[in-house]
Amino acid sequence: MKATGVVRRIDDLGRIVIPKEIRKVLRIKEGDPLEIFTDKEGEVILKKYSPIGELSEFASGYAETLSKTTGHIACITDKDTVIAVSGTSKKDFLEQDLSKELEQLMDDKEAYISKDNNEVSIPVIKSENKEKKFSAQVVYPIIAQGDVIGSVILLSKDSKTKMGETEAKVVESAAGFLGNQMDI
């Protein structure tokens, strides 16, 4: 564990303020849920809570099925990272931070379909540069109880591929199904 050098006191209601600098680095915004853990040494650990992260094993199987069914790369994300990927090397995406463009798309609760190969693809992860990496792409937000908790993404590197209504419906169905699993 890394020391920050910041010391805070607990107030009379048991609250503690997480410094703005730490919230910024960890991408914790007002209203974000945090999980609280304790260990044997008496340490209290706060971790950003990912509701869809609870389904990560299930999401992995779902991504694999999507990839096999469509023949494309399938990714499932929570609000911060890629939690499941199939159809390409996992190290390229798995547990990578999401791009600002993808986060904005999710915040706006918007779906994205690049129908023609000349359209710009949205970077999935932060480390992707602006060059066109995928020729076709479908992104659909996962919504549970009215809140976006992640996204389902279908990608293709094949320059002849055009994503259409079928791919959009498959991704929308996957996102709807995963969102419904969170409501149970």
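Q: In this predicted model, at about what angle does helix α3 run to β7?
A: Happy to start here: helix α3 spans residues 100-107. This helix lies across β3, β5, β6 and β7. Its direction relative to β7 is about 125°.

Q: What is the strand order of the open sheet of five strands?
A: The pairing in this sheet is antiparallel. Its edge strands are β4 (82-86) and β5 (112-114), each of which pairs on one side only. Neighbouring strands are turned by 15° against each other on average, direction ignored. Reading across the sheet, the order is β4-β3-β7-β6-β5.

Q: Which residue in β6 is the bridge partner of Ile113?
A: Let's look at the pairing of β5 with β6, the strand of residues 136-144. These two strands run antiparallel and are joined by three bridges. Within β6, the partner of Ile113 is Val138.

Q: At about what angle does helix α2 run to β4?
A: Helix α2 covers residues 56-70. It lies across β3 (73-77), β4 and β7 (147-156). Relative to the edge strand β4, the helix runs at about 35°.

Q: Why does Gln145 count as exposed?
A: Here is another residue with a positive phi, about 55°, although Gln145 is not a glycine. Gln145 has its place in the loop between β6 and β7. Exposed means over 50% relative accessible area. Gln145 counts as exposed because its relative accessibility is 65%.

Q: Which residue in β2 is the bridge partner of Leu34?
A: Now for another strand pair: β1 holds residues 34-38 and β2 holds residues 44-48. The two run antiparallel, with five bridges joining them. In β2, Leu34 has as its partner Lys48.

Q: What phi does Gly42 take in the hairpin of β1 and β2?
A: This hairpin has five residues between its strands. Gly42 takes a positive phi there, with a value near 85°.

Definitions and conventions. Residues are numbered from 1 along each chain as its sequence is written. This is a predicted model: local features need pLDDT of at least 70, side-chain atom pairs count only at pLDDT 80 or more; totals for chains, interfaces and linings use all residues. Side-chain values use heavy atoms; hydrogens and water are left out. Two strands pair if DSSP finds at least two bridges between them. Helices (H or I, at least four residues) and strands (E, at least two) are DSSP runs, numbered from the N terminus. Axes are lines fitted to C-alpha atoms, for helices over the stretch in contact, and angles run from 0 to 180 degrees between N-to-C directions. Contact means heavy atoms within 4.5 Å. Buried means under 20% relative accessible area, exposed over 50%, partly exposed in between (1.4 Å probe, protein chains only).
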